[in-house]
Amino acid sequence: MPIVLSLIAVAIFALLMWVHFVSVSEQERTAARRSLGAALILPLPFLLVAWAPIPAVGILVWILLAAVALPIIVYLVPTADPKGFRNDAPTTRIDERTVMFSRAALKPGTPRFDDYYESHPEHRSNDDRFRALPGLMGQQSGKYEPLAFAAAEASFHTVGALAGLCEGEPKAETQEHDPEAATRFIKGWAGKLGALDCGITELREHHLYTVKGRGEKYGQKVDLNHRYAIAFSVDMDHASLGTAPEGPTVMESAQQYLTAGAVAIQMATFIRSLGWPAEAHIDGNYKVICPLVAKDAGLGEIGRMGLLMTPRQGPRVRLGVVTTDLPLLVDPATFDAAVLHFCSICRKCADICPVDAISNEERGEIDGAQRWRISSEACFGYWCAVGTDCGQCMRVCPYSHPDNTLHNLVRTGLRRSGLFRHLALRLDDLLYGRRPSPLPPAPWLPRRKRQ
Ligand code: SF4
Ligand code: SF4
């Protein structure tokens, strides 16, 4: 038995040192410190019981063996899918003019502004409040940093310049392609262009806004009858998002809107060159609600913070969509109740949110579907005060950890076992903290001077 206990002590030490080195490489200082402490302390009881002359050693041996065996059993033995989570879709559609970004773009004194608040007086006082704040990337904002904000502006400006490429006429001559080969090519090429995951769904009513709320087509009815929607995700860099709510966060958001936009435009242009209609949906120029399309395309579930939770990056992605009539193979419908169960017990995003924009309650019915309620008004108001798009909820989400072997082992357990979901949440809190601090920015990134 001393040998067995000693081997277990070595295994625990090795496992925790692995966690330590991964944490160091991810700049997670708290996790690095705590895992090192645990690596030095947790093997000691096993070595003591193995080699020290202790009375009633038999009972202690069994306690220690149980302490090791139980988490392994919890991890390895799958449990039934959690009950009570409906896989449903909204039954109503959204007018894009009512979303916060559209309202933020309204200029006082213009007919558009007057018309909007005449028909939506209930939004006026809230919107006047955020208009009085410094604004997203504003110079007077709390997290103002000139280089980071200028870089983000440059990315947003470039996405804006791409807007004219979203639509176009297909080539006169239509090429026929085997749907299976076309689907394989599009998914493979999406990966080559920088997408993480790519899925295809039929375009459905609830994917579409009713009326355009931004850009030159403001106020126009959305009338899009393409048959398919290709949805893809692009990675938001863990290290940049880890600094949330500082300037590198908005730099990274803007950059990934640009990456997603460029991929969508290339793909739509490619499909039009085959003679099929196609349209790219990119930041500031959407006819579809990307997370709803991406969910139906099998890319993930809508979590507590109202964002798509993807299997390997959680909410740490940006989305792009291309709609088209090119014949393609649709991905089978998926439903991951385990993610919804984890969101129902986790609540880390709700706890860190400085303005309580994320609900701490259970899901309720929103637009005909079961969803967690989000206050986009409160969230956007905070952005206008700090000048970045905050991102603290994404930063602390246990699913946002990097896509590597350690975190993917945890993600496998989260998918398989309800008991492990409870255990993993406690371990995440222990290792990173319930309200983890932001990561330090990379050395080349500017550090904001504290006021
Ligand atoms: S932080 Fe927790 S509750 Fe929030 S989205 Fe992530 S897993 Fe869900
Ligand atoms: S981005 Fe910030 S303010 Fe908005 S919901 Fe997340 S934590 Fe709250």
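Phe-101 counts as partly exposed, because its relative accessibility is 35%; the cut-offs here are under 20% relative accessible area for buried, over 50% for exposed and partly exposed in between, with a 1.4 Å probe and protein chains only. This is a predicted model, so local features need pLDDT of at least 70 and side-chain atom pairs count only at pLDDT 80 or more, while totals for chains, interfaces and linings use all residues. Residues are numbered from 1 along each chain as its sequence is written, chains are lettered from A and ligands numbered from 1 in the order in which they are written, and side-chain values use heavy atoms, with hydrogens and water left out.

**Aromatic pairs**

A pair of aromatic rings is described by the distance of the centres and the angle of the planes. Rings of Phe, Tyr and Trp (its six-membered ring) pair up if their centres lie within 6.5 Å; planes under 30 degrees apart are stacked, over 60 edge-to-face, and the rest tilted. On that basis there are 13 aromatic pairs. Here are two of them:

| Pair | Centre to centre | Angle between planes | Type |
|---|---|---|---|
| Phe-101 and Trp-383 | 5.8 Å | 45° | tilted |
| Phe-380 and Trp-383 | 5.9 Å | 50° | tilted |

Helices are DSSP runs (H or I) of at least four residues, numbered from the N terminus. Phe-380 and Trp-383 are three residues apart in helix H15, so about one helical turn separates them. With 15% relative accessibility, Trp-383 counts as buried, and so does Phe-380, at 6%. Phe-101, Phe-130, Phe-380 and Trp-383 form one aromatic cluster.

**Cavities and the ligand**

Now for the holes. On a 1 Å grid over the protein atoms alone, a cavity is a set of points where a 1.4 Å probe fits but cannot get out, and a lining residue has an atom within 4 Å of a point. Grid points are joined across faces, edges and corners, and a volume is the space filled by probe spheres set on the points. There are five cavities of 30 Å³ or more.

The largest cavity has a volume of about 140 Å³. It has 16 lining residues, with Glu-28, His-238, Arg-395, Val-396 and His-401 nearest its centre. Helix H16 (392-396) is among the elements that supply at least two lining residues, and H16 gives the most, with three.

The second largest cavity holds about 90 Å³ of space, and ligand 1 sits there, meaning that more than half of its atoms lie within 2 Å of the cavity's grid points. Around ligand 1 are residues including Arg-304, Phe-342, Cys-343, Cys-346, Cys-349 and Cys-397, near being a heavy atom within 4 Å. Which helix gives the largest share of the shell around ligand 1? That is H13, with three residues. The shell divides into nine nonpolar, no polar and three charged residues. Ala, Val, Leu, Ile, Met, Phe, Trp, Tyr, Cys and Pro count as nonpolar, Asp, Glu, Lys and Arg as charged, and the others, Gly among them, as polar.

Definitions and conventions:
1 Å grid on protein atoms, 1.4 Å probe; cavity = no way out; pocket = protein on both sides within 12 Å on 5 of 7 lines; lining within 4 Å.
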